[in-house]
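Dear colleague,

I am passing on the structure below, and I would be glad if you could read the notes that follow it with the coordinates open beside them.

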Amino acid sequence: MPGWQLGLLSRPFVRFLGRRLAALVLLGIGITFVAFVLTELVPGDPAAANLGQRAIADPAAVQAFREHYGLDKPLPVQYAVYLEHLVTGDLGQSEQSHRPVRSDLSEFVPATAELAVTSILIAFVLGISLGILSAVRRNRLTDQVLRVISLGGISMPTFWLALVALYVFFFKLGWVPGSGRLDPGVLPAPHVTGLYTIDALLAGQFDVFVSAAQHLILPAGVLAAYNVGLLTRFTRSAVLEVINNDYVQAARAKGLPERTVVLRHVLRAALPPIITVGGLAFANVMTGTVLVESIFGWPGIGQYAFHSATTLDLPAIMGVSLFVAVVYIVVNFLVDILYGVVDPRIRVA
Amino acid sequence: MAAVSRPRNRVLTSLVVAVAAVLAACGSGSNTPSNHVLVVDKSFDMKTADPQREFEVSGGIVAKALYSTLLTFKGSDSATPVPLVASSYTASSDAKTFTFKLRTDIKFSDGTPLTSADVVFSFNRLINIKGNPSFLLSGIAVSAPDASTVVLTSSTPNPAVPFIIPNPALGIVNSKVVKAHGGTDQPGADKSDTAEAFLNTTSEGSGPYTLKSFSTTSEVDLTANPNYFGSKPFYNTVVIRNIQAPTQLIDIQKGTNEIAIDLSSDQAGTLSGNTSLQVKASPGPNVFFLFANDNPKISKITPNKHFQNAIRYSLDYASYVQLAGAGAIQTPGVVPSMFLGALTPADNAQFDLTKAKAELAASGISNPTVNLGFPSDFTLNGISFSTLAQKVQANLQAAGITVNLTGSPISTALADYRAGTEQLGLWLWGPDYPDPNDYLVFLPGQLVGLRAGWAAGADPSLEALGVQASSSTENTARGKLFQQIQRQLNTDGPFFPLIQPGQVVVATKGVTGADYNPTWTIDVAGAGG
C-alpha cells in the first residue's frame, strides 16, 4: 500500500475525519439558525410575498397560508419543528413551488452539479495549463498575453460576459445553442442521476447526450472564466516560486527533459496553493451560478436560491443554505485531504 | 518517461478534438423547431399547473391551454364573453343569478364526458382551497339542477360574473379522476385537498392540449389533445420555456423560439428593422399610479387637498409615456383603456408647473418633505420602478416639494404598501378580471383606497356611486357610472394615474394569432402558422 494511503488510514486521520463530520453537523445546525433568524429579521411577510393582491386582503386565505406553512406558530416553535423534521430528512415545503424542498433540491442540484463540475474541469485544465505556460515563458510575449487574459477573466462581470458570449457564440456565430439544458421539445433521458449527459449515455440516447453536451458548453465556459483567470495567476505565481529551486536545477542537471521537470518536480511542489485556490473556485462557481443560470435559462440551484430569497420562502432558503454549507464543508475537507496527498510534510503535521 | 507519455497525450488530444467535432457536427444553436412545434419564451412566475391554484401569468398560459372554461374571449378581445363549454347563458335582471346551459358533446382528454357535476366540483374546489384565485367566486354559490345546467347565484348583484368566468383558474377538471387523486371541493379543502402534485404531472381537462411535462423552473411541454371538441390546434407540440428577457431577445432573432412575451418596449424597438419578425406593441392592462396618503396619522402634509393638487399638476405625464416606450399611453383614469368605463384622452391630467406652485402655496405648507415608497427591485413591462421614482422626485422638486426616495425590495415594500403606511407610494394595479368592478378597490374603504389611507366614509358621494356602479346590470349605464367615478377620483381622490405601459409580443413572421389578452396573456392554441 502506498505511503500516502497508509497516512490517510492512520488513527490521526480518522480523528480528523471525525472532527470534520462533527463540525459538519454543528455547522449545519448553525447555518439553519442563522438563515432562520436573518429571514425572520427581514421586514417582510411571506404571505404578502406569495399571495396575490386580492388573496392577501382575504383573512381566510391568509390564515390558510399561514397554517399550511406553520407560520401561525411562535418563532421558537417554528424553528424547533423545523429541526425535528430535519432529523428525518424532511426539509419542509417550499412556498413558491408548493413541493417538498427535498424534491426541489433533488431536481435543481443535479442541474447545477452538471454545470459546476464541467465548469470546474474547464477551469482546472485551462487555468493550470496556462499558469504553467505563463511561468515557464516568464516575461516573454506569451506570458504578457496570458497575464492580460487572466486579468480579463477575473475582472469581467459574469452577467456581462454571459450576455456577450451568448451574443457572439450563439447569435452571431451559431456555434453553440443558447439557453436551456436541451433543445426545445427534446425530453431528457429517464432520471438516474439528474445529470442529463450521464443519463442520456446510460439510456443510450446519443441525440439527447449531444443536445445536453452542446447546451453545457457556453454556460460552463462563462462560469469557468473567472476561475481560469484566478488559477492561471496563482499557478504562475506558485510555479515561479519553485521553478529555480536547487532540486529543480538538480533535476535539470540530471538531463531530465524540461517537460518532465516542470510536470513532475515543479508542479507538485507548487500544488498546495493551487489546491487552496481550487477550493475557492468552488465558492466562485456557487455564487456565479445565480447569474449564469438566470441568463442561460438553466434550472439550477442558483435560480432557486434567487427566487426563494425574493419571495421570503423560508423552507427553501434554509434548504439551499444547508446544501451550500455541506458543499463548502465537503470541498474544504477534500482540499485538506489533497494537501496530505501532495505534501507529506502536511500529513505528518 | 516523457517519450512514453507523448502518444498517450496525442490520443487524449485527438479524443477531445473528435468529441468537439462530433458535437459541432451534430448541429449548433440553429436547431429550428419543426413547423408543428411552437416554442414560447416566458420569464416564469410559475407555481403550479393546478388550475384552481394558479393565478400567475405563466400558470394562466398553461391552464388556458389545458382546461376549458364555460365562457371565453376571442383573440385579444376582453369586452365580450362568448360561450365555450357553455352553449348559452342568461343573467337575471338583478345580476344575481347566472344560468349556463352546457354543450353535451364535450369530453375530457381521457374520453370521459364533461357534465355539470365537473363544473360544480371545479368551482367549489376553487372556492374552498382558499388560494390566490379563490376571490374570483367570492360570495357565489354554485349548483347544477341537471347534468347540462349550471347556476351561479351571487349574494350581491355582480354583473362582472361573465367577465370572470373565462379566467383559466375557472378551468373545468375531470372531477372523478381528480377526486381519486386526493382532490376535494368540500369546505376544508385548503387542508384536505392533495391533488396538486397529481395535476402537476397530468392534466385532467378538456382543453386543446394535454400536459406532457411540467417544471416550474425550466419548461412546460404540451401536446395536442386528441379528444378536443374544438378546432385542432395548428401546433401539435408547444414548449413554453423559462427564459429571461435579454435572452429572449437573442433567441427570437436567432429563430429558436416563435413567440417572446417579456420584451420591453426598448428591446422590441431594436427589432424594428427585422423583417422576419412581427412586433405587436399595444397599451397593456397594467396601470401605474402614484398616491398621496390621505391618513393624517401617516403624514400631516399628504392629506392636504391643495398639496395633492400640486402633485397632480407637477407630474410631466408626457415624459412618463416617453420613458415607457412603444405602446405606452398616459392613463386618464384607473380603469385601463380597453375596459368598459375607461376614460378617453380628453380626460388626461395636464402638466402645469405654474398651477402646481400655486396649489402648493394655497396648501399653506412651506418647503414640504415627504417620503416616497416603491418596490426598488421591481421592473414590469421593461419599466423600473426605481427609474420612475427618480422621475417623480425630479418633477415634484421642480414644484418645490422635496421627495426622499425610500424604496425597498418588493417583498418588504409590499408590507408597507399593504399596511397603508407609505406617505407617497408608487405602485401598479393589474386586472384580476377584465371588468371595471375590479377597479372599485380604489374607492374609500376599499383595498387600494385603504392603502392610501382613504378610509370608508371619506367621500360618501363617491362611495354611493361605487355601490350603484357595482350593481348596475346595463353595460352602457355601467360604463358611464365608472367614468363619473374616475372623474371624481381625479379631482377629489389621493390617486394620480400615470401610464399604461406598452404590452409587447414578438413573434416570428409566419406565426399568426399571437395576440395578447389580459386574462391569459397568450392562447397558444390560437397560434397558427
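**Strand pairing in chain B**

In β9(B), D221(B) is the bridge partner of S213(B). Strand β8 (residues 209–213) of chain B and strand β9 (residues 219–224) of chain B run antiparallel and are joined by four bridges, two strands being taken as paired if DSSP finds at least two bridges between them. A hairpin of five residues links β8(B) to β9(B). Helices (H or I, at least four residues) and strands (E, at least two) are DSSP runs, numbered from the N terminus.

Please keep in mind that this is a predicted model, in which local features need pLDDT of at least 70 and side-chain atom pairs count only at pLDDT 80 or more, while totals for chains, interfaces and linings use all residues. Residues are numbered from 1 along each chain as its sequence is written, and chains are lettered from A and ligands numbered from 1 in the order in which they are written.

Chain B also holds an open sheet of four strands in the order β4-β5-β7-β6, with antiparallel pairing; its edge strands, β4 (86–91) and β6 (140–146) of chain B, each pair on one side only. β4(B) pairs with strand β5 (residues 97–102) of chain B over five bridges in the antiparallel sense, and Y89(B) has F100(B) in β5(B) as its bridge partner. Helix α3 (residues 116–129) of chain B lies across β5, β6 and β7 (149–154) of chain B, and runs at about 165° to β6(B) (axes are lines fitted to C-alpha atoms, for helices over the stretch in contact, and angles run from 0 to 180 degrees between N-to-C directions).

**Helices of chain A**

In helix α4 (residues 59–68) of chain A, the residues A61(A), A64(A) and F65(A) are buried, that is, 20 or more other C-beta atoms, placed from the backbone, lie within 10 Å of their own. Because they cover an arc of only 100° around the axis, they are on the same side of α4(A), the arc being that of the directions from the helix axis to the C-beta atoms. These buried residues pack against α3 (46–50) of chain A together with α6 (189–192) of chain B, where contact requires C-beta atoms, placed from the backbone, within 7 Å. Just after α4(A), G70(A) takes a positive phi of about 70°.

Finally, helix α12 (residues 258–295) of chain A packs against helix α13 (residues 301–310) of chain A at an angle of about 100°, with their axes 7 Å apart.

Notes. A residue is buried if 20 or more other C-beta atoms lie within 10 Å of its own, exposed if 12 or fewer, and partly exposed in between; C-beta atoms are placed from the backbone. Two residues are in contact if their C-beta atoms, placed from the backbone, lie within 7 Å.
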